[in-house]
Amino acid sequence: MHHASSEFKVLAKRIIPCLDVKDGRVVKGVSFLNLRDAGDPVENAKFYDEQGADELIFLDITASHEKRKIIRDVVMKTAEDVFMPLTVGGGIKTLHDIRDLLNAGCDKVSINTSAVKDPYFISKAAERFGSQCIVIAIDAKRTGMDMTKATGESWFNEPALKDVCLNLDYKIPPSPPLPKWRKAGESFPSLMENSELQKEPPPFIKGGEGGLRWAISTHGGRQMKLIDAVQWAKKTEMLGAGEIMLTSMDMDGTKDGYDIELTRAISEAVSIPVIASGGAGTLGHLYEAFAHGKADAALAASIFHYREFTITEAKEYLQARGIPVRL
């Protein structure tokens with residue numbers, strides 16, 4: 001469903017560095033001697049532009065909404081010197097926020113929490129600015145019994161959105177009898193406490209590839225939501241999203257590789273481009289995201305920031321293995 005095989009050969013796969021920006025400064029920025037100011041987002045952006053990055057993402061982790069003007073200034077200065085597409089994510093709450101960033105010179109905005117709070121915000125944004133500007137960030141985590149503590153949103157009972165909710169209606173069959181460690185009336189047994197139950201997980205952990213399911217998180221990963229990541233991806237596309245930035249909460253920061261099952265499940269579920277994110281530690285991981293995860297782009301941070309690999313090295317590695325890239 002993702003791309004016809006003829007398109008797969010033509011469409012270049014994109015490599016996208018991501019920079020965290022707080023109060024106008026890069027957090028954990030690029031550690032390069034030739035940068036006059038390693039904390040300057042514009043200097044970082046220029047460096048990656050020269051290296052041949054296909055796009056750049058600024059993730060604004062500034063705490064207060066009052067300081068939104070700072071990221072607009074960063075975008076404006078960056079757009080003057082850098083011509084690769086620029087996406088800004090983090091803290092976007094209104095159509096005015098989107099308009100201000102696009103007017104400042106960014107090409108796309110990435111939205112997570114605001115879209116989950118009001119899915120029709122996606123439609124409003126896409127209608128106003130065009131789907132090509134609207135990236136939906138999905139932070140997904142493999143489901144487990146801890147999901148019982150997840151919080152809901154007010155629209156959970158709306159018929160048009162009900163299909164994206166994770167089903168937690170699980171009842172223990174009457175036979176065999178309840179294990180002694182479980183109190184009567186307790187809805188969700190702990191999988192970790194009972195090896196017999198681990199062999200037969202409740203229905204809500206089944207589904208997807210190989211029985212896998214993923215829930216999403218919002219508020220920068222601080223809140224889990226009882227929303228099925230694959231169904232949510234489909235819904236965002238239907239509502240007008242032009243691209244999905246998919247981060248695995250399980251793999252992010254581990255440098256052990258992307259969650260390939262997650263990436264493939266969502267790439268196959270939608271026809272809009274999917275950016276794989278979270279876990280890149282080697283060039284082989286980038287290859288896996290494209291070859292096995294069927295991603296359209298791969299986002300990476302530390303492997304480029306700390307000069308473990310250059311963008312050029314990454315692209316040459318991929319090209320040598322048959323992945324189409326722009327060199």
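**View 1. Ser-267 is buried, with a relative accessibility of 0%.** Buried means under 20% relative accessible area, exposed over 50% and partly exposed in between, with a 1.4 Å probe and protein chains only. The model is predicted: local features need pLDDT of at least 70, side-chain atom pairs count only at pLDDT 80 or more, and totals for chains, interfaces and linings use all residues. Residues are numbered from 1 along each chain as its sequence is written, and side-chain values use heavy atoms, leaving out hydrogens and water. Ser-267 belongs to helix α9 (residues 260-269); helices (H or I, at least four residues) and strands (E, at least two) are DSSP runs, numbered from the N terminus. Its side chain lies 2.8 Å from the backbone oxygen of Thr-263. A polar atom of the Ser-267 side chain is also 3.3 Å from the backbone oxygen of Gly-293.

**View 2. Strand β4 (residues 86-89) has buried residues pointing both ways.** Leu-86 and Val-88 point one way, Thr-87 and Gly-89 the other. In a regular strand, side chains alternate between the two faces of the sheet.

**View 3. Strand β4 pairs with β3 (residues 56-60) in the parallel sense, over 4 bridges.** Strands pair if DSSP finds at least two bridges between them. Val-88 in β4 has Phe-58 opposite. Strand β5 (residues 108-111) runs parallel to β4, joined by 3 bridges, and Lys-108 in β5 is the bridge partner of Thr-87.

**View 4. Val-27 lies in strand β2 (residues 25-27).** With a relative accessible area of 31%, Val-27 is partly exposed.

How values were computed. A polar contact is a pair of N or O atoms within 3.5 Å; within protein, one must be able to donate a hydrogen and the other to accept it, and residues adjacent in sequence count only if both atoms are side-chain atoms.
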